[in-house]
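Hi,

Here is the structure I promised to pass on.

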Amino acid sequence: MKKNHSQFILGDAWPVAELVVEYIKLQPGVKQAAVAGTIRRGLEIIRDIDIVVAASSPDSLVAAMLAMQGINHVISQEVGRLTVSLINSLVCTVYIVSPHEYSVALLYYTGSAGYVAKLAEQATRQGLTLDSAGLTNQQGEQVAVKDERSLYAMLKLSYVEPEGREDETELRPAGDAAEPLVAVSDIRGVFHVHTTYSDGVGSLADMAAAARQRGWQYLGIADHSRTAVYARGLRTETVMAQRREIDKLNAAYPDFAILAGIESDILPNGSLDYPDEILASFDFVVASVHSAFRQNETDMTRRIVRAVNNRYVTMLGHPTGRILLRRKGYAVSLPEVIRAAAHSGTIIEINASPYRLDLDWRWCRIAKEQGVVFAINPDAHAVGELEHLRYGLASARKAGLTANDIINTCSLSEIIEILKRKRQ
Ligand SMILES: [Zn+2]
Ligand SMILES: [Zn+2]
């Protein structure tokens, strides 16, 4: 607890930041407000919340902020900036600017600091000054900027989405834009969802109805397999019972399909915990390590690579097993696992649970270069956890992934073919 003091997972900080923004938007004189900083960049670990507000009457906004429920105490207060501690000790800074300064302030406080410094250098080359006071010309006059895209254009650069704005990001000249990042509107369905058949709290019917309500075309169920006794893993008879219910529900849906999968444990020797004929009967298999975490790197790598090379393993689940701010991943050589996935045509999961975000986006970048494709999997154990998709999307976007890199962007008919490809 001491070590992780004042650090939060994205899943804890982002919804709080959104609530504060909602509250700010209700105040008189507020024109625009948005979450900036590390949350907007989609980082997996957050130290504080940054919010940028365009307001015509800053004093009344500050008064409203001080009266907001959930504030523990004020840390600092100066003109245009209020920093407070919220009741869960999350620190929140609100930057208040006038409406014409908003876009530059949003870019500036989204960061990262190193990335903004590069933009500032580029501004200098264009005879402009970019700093916390905004964008000014050589006469010291404020330059009006409509939005962040216009600012990039003014700097003769290609636009970069917030998730891409990290210290190491290179500036790209105008006309040399990267491909558009995968977006929530590209998503046609998700995989790796648990139900009450194993350790989920949502029934199969409820999870499917929620997915359909989101406008998705399919939902990939993957309950725990029989070795995962602690998670009520499915015995073969239960697999068959679940299959009958899936068939029944599918018969009632004209425009939606439940795909029958399983999250099969990778046993310490790298084999899976069902015989091949059972594995072959699933639409897809997510293979995950849930036991014997303490194997040394050589054994763990051999174990996972063997599973990846299994023709029935469609996807590798949470490849490192890390739980953010709680436990490190197991010792495993990711370059070897990624190479095996690329060679065998095994999809790598971006486990979108905000506790996991595994495979890490930094490794996703490397895996993409090797030709790996990904599935964003919410690992939902309840209807509300389908929302985990947003955290996985943030990671995918940080990794620079496009719709082509993510199988969840495929239509139902395409996905059925894709899931069969490896075992054929
Ligand atoms: Zn798992
Ligand atoms: Zn799972």
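Below is what I found, starting with the ground rules and then going site by site.

This is a predicted model, so local features need pLDDT of at least 70 and side-chain atom pairs count only at pLDDT 80 or more, while totals for chains, interfaces and linings use all residues. Residues are numbered from 1 along each chain as its sequence is written, chains are lettered from A and ligands numbered from 1 in the order in which they are written, and side-chain values use heavy atoms, with hydrogens and water left out.

Metals first. Glu263 (OE), His290 (NE2) and His318 (NE2) coordinate the zinc ion (ligand 1) at 2.1 to 2.2 Å. Donors here are N, O and S atoms within 2.8 Å of the metal (3.2 Å for Na, K and Ca), and water is not among the atoms, so sites may look incomplete. Along the chain, the donors of ligand 1 are spaced E-x26-H-x27-H. Glu263 also coordinates the zinc ion (ligand 2), which is 3.4 Å from the zinc ion (ligand 1). His290 lies in the loop between strand 13 and helix 10 (297-308) and His318 in the loop between strand 14 and helix 11 (334-344), so the pair ties together parts that are 28 residues apart in sequence. (Helices, H or I with at least four residues, and strands, E with at least two, are DSSP runs numbered from the N terminus.) Both His290 and His318 are buried; buried means under 20% relative accessible area, exposed over 50% and partly exposed in between, with a 1.4 Å probe and protein chains only.

Next, helix 14 (residues 412-421). Its buried residues are Ile415, Ile418 and Leu419. They cover an arc of only 95 degrees around the axis, which puts them on the same side of helix 14; the arc is that of the directions from the helix axis to the C-beta atoms. The general rule behind this is that an α-helix has 3.6 residues a turn, so residues three or four places apart point the same way. Exposed Ser413 and Arg421 sit on the face of helix 14 turned away from the buried side. The buried residues of helix 14 pack against several strands, including strand 10 (189-193), strand 12 (257-265) and strand 15 (347-351), where contact means heavy atoms within 4.5 Å.

Now the rings. There are nine aromatic pairs in the structure. Rings of Phe, Tyr and Trp (its six-membered ring) pair if their centres lie within 6.5 Å, and planes under 30 degrees apart count as stacked, over 60 as edge-to-face and the rest as tilted. Tyr108 and Tyr109 have ring centres 5.1 Å apart and planes at 85 degrees, so they are edge-to-face. Tyr108 is partly exposed at 28%, whereas Tyr109 is buried at 16%. For Phe191 and Tyr218, the centres are 5.7 Å apart and the planes at 40 degrees, so that pair is tilted. This pair links distant parts of the chain, with Phe191 in strand 10 and Tyr218 in strand 11, 27 residues apart. Phe191 is buried, at 0%, and Tyr218 is buried, also at 0%.

Finally, the record: UniProt, in an unreviewed entry, puts "domain: Polymerase/histidinol phosphatase N-terminal" at residues 189-268. UniProt positions are in the numbering used here, feature names are shortened, and annotations may be inferred rather than shown by experiment.

Cheers
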